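Please look over the sequence and the model shown below before reading on. The briefing that follows is grouped by topic.

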Amino acid sequence: MSKPILAVPAGLQVKRINKLRQRLCWESPVLAPALAALQIRETKILPTAAVSARGILYVNADFFSEKNDPETNFIIIHEVMHVLLRHHERIAGRIPGVWALAIDLVINEAIPHLGIRKEFIEVPDDALWRERD
């Protein structure tokens, strides 16, 4: 599938992500409370995205400018799942790099089974995935 490049200024990427987050609240009532509480902040420190235990989603606007809306939705859901599954609290005693890979794989494999319509989500090509079609 061809991926449109969304060449918009960084601040507009955050607005775009916020708008998509709001649509996802309607699409997934189960995730809606966590999605609604998510605060979005732009950063250049991270190459992609990350979420804090407090529900602050840090996004790199350049990274998201290369993602279409369904891919961005997937990433938003991925990050909010870290908060819902309390991954920040459950790392104790684990090897951080291995833990990060394992939880990313579990989340990515679970997202297509959350009942969200397929036209709303698309697994990004660079997402960690057990197998590809």
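Phe63 has its place in helix 3, where helices are DSSP runs of H or I with at least four residues, strands are DSSP runs of E with at least two, and both are numbered from the N terminus. This is a predicted model, in which local features need pLDDT of at least 70 and side-chain atom pairs count only at pLDDT 80 or more, while totals for chains, interfaces and linings use all residues. Residues are numbered from 1 along each chain as its sequence is written, and side-chain values use heavy atoms, with hydrogens and water left out.

**Phe63 and its surroundings**

- Phe63 is buried because its relative accessible area is 13%, given that buried means under 20% relative accessible area, exposed means over 50% and partly exposed lies in between, with a 1.4 Å probe and protein chains only.
- Leaving aside neighbours within four places in sequence, Phe63 is in contact with Pro47, Thr48, Ile75 and Asp126, where contact means heavy atoms within 4.5 Å.
- The C-alpha atoms of Phe63 and Ala49, which are 14 residues apart along the chain, are separated by 8.3 Å.

**The chain as a whole**

- The chain has five helices and three strands, and, read along the sequence, these follow the pattern α-α-β-β-β-α-α-α.
- Of the 133 residues of the chain, 42% count as buried.
- Among the contacts in the chain with a separation of 6 or more, 57% are accounted for by residues 24 or more positions apart.

**The largest nonpolar core**

- The largest nonpolar core has 28 residues, and those with the most contacts inside it are Leu35, Val59, Phe64, Ile76 and Ile77; a nonpolar core is a set of buried Ala, Val, Leu, Ile, Met, Phe, Trp, Tyr and Cys residues joined through side-chain atoms within 4.5 Å.
- Two or more residues of this core come from each of helix 1 (10-27), helix 2 (32-37), strand 2 (49-51), strand 3 (56-59), helix 3 (61-64) and helix 4, and it is helix 4 that gives the most, with six residues.
- Val59, when its neighbours within four places in sequence are left aside, is in contact with Val14, Ile17, Ile40, Arg41, Glu42, Thr43, Thr48 and Phe64.

**How helix 4 meets helix 5**

- Helix 4 (residues 69-84) and helix 5 (residues 96-110) pack at an angle of about 125 degrees, with their axes 10 Å apart; the axes are lines fitted to C-alpha atoms, for helices over the stretch in contact, and angles run from 0 to 180 degrees between N-to-C directions.
- The two helices are therefore oblique to each other, since angles under 35 degrees count as roughly parallel, over 145 as roughly antiparallel, 65 to 115 as roughly perpendicular and the rest as oblique.
- The contact is made by Phe74, His78, Met81 and His82 of helix 4, together with Ile103, Asp104, Ile107 and Asn108 of helix 5.
- The residues of this contact divide into four nonpolar, three polar and one charged, where Ala, Val, Leu, Ile, Met, Phe, Trp, Tyr, Cys and Pro count as nonpolar, Asp, Glu, Lys and Arg as charged, and the others, Gly among them, as polar.

- Asn73 has its place in helix 4 and counts as buried because its relative accessibility is 4%; leaving aside neighbours within four places in sequence, Asn73 is in contact with Leu20, Leu24, Phe120 and Ile121.
- Leu84 is also found in helix 4 but counts as partly exposed, at 42% relative accessibility, and Leu84 touches Leu31 and Ala34 when residues up to four places away in sequence are not counted.
- Asn68 lies in the loop between helix 3 and helix 4 and counts as buried at 6% relative accessibility, while the C-alpha atoms of Asn68 and Ile121, 53 residues apart along the chain, are separated by 9.7 Å.
- Arg86 lies in the loop between helix 4 and helix 5 and is partly exposed, with a relative accessible area of 46%; the phi of Arg86 is near 55 degrees, a positive value in a residue other than glycine.

**A loop residue between helix 1 and helix 2**

- Ser28 is found in the loop between helix 1 and helix 2, and at 6% relative accessibility Ser28 counts as buried.
- The C-alpha atoms of Ser28 and Gly115, which are 87 residues apart along the chain, are separated by 7.7 Å.
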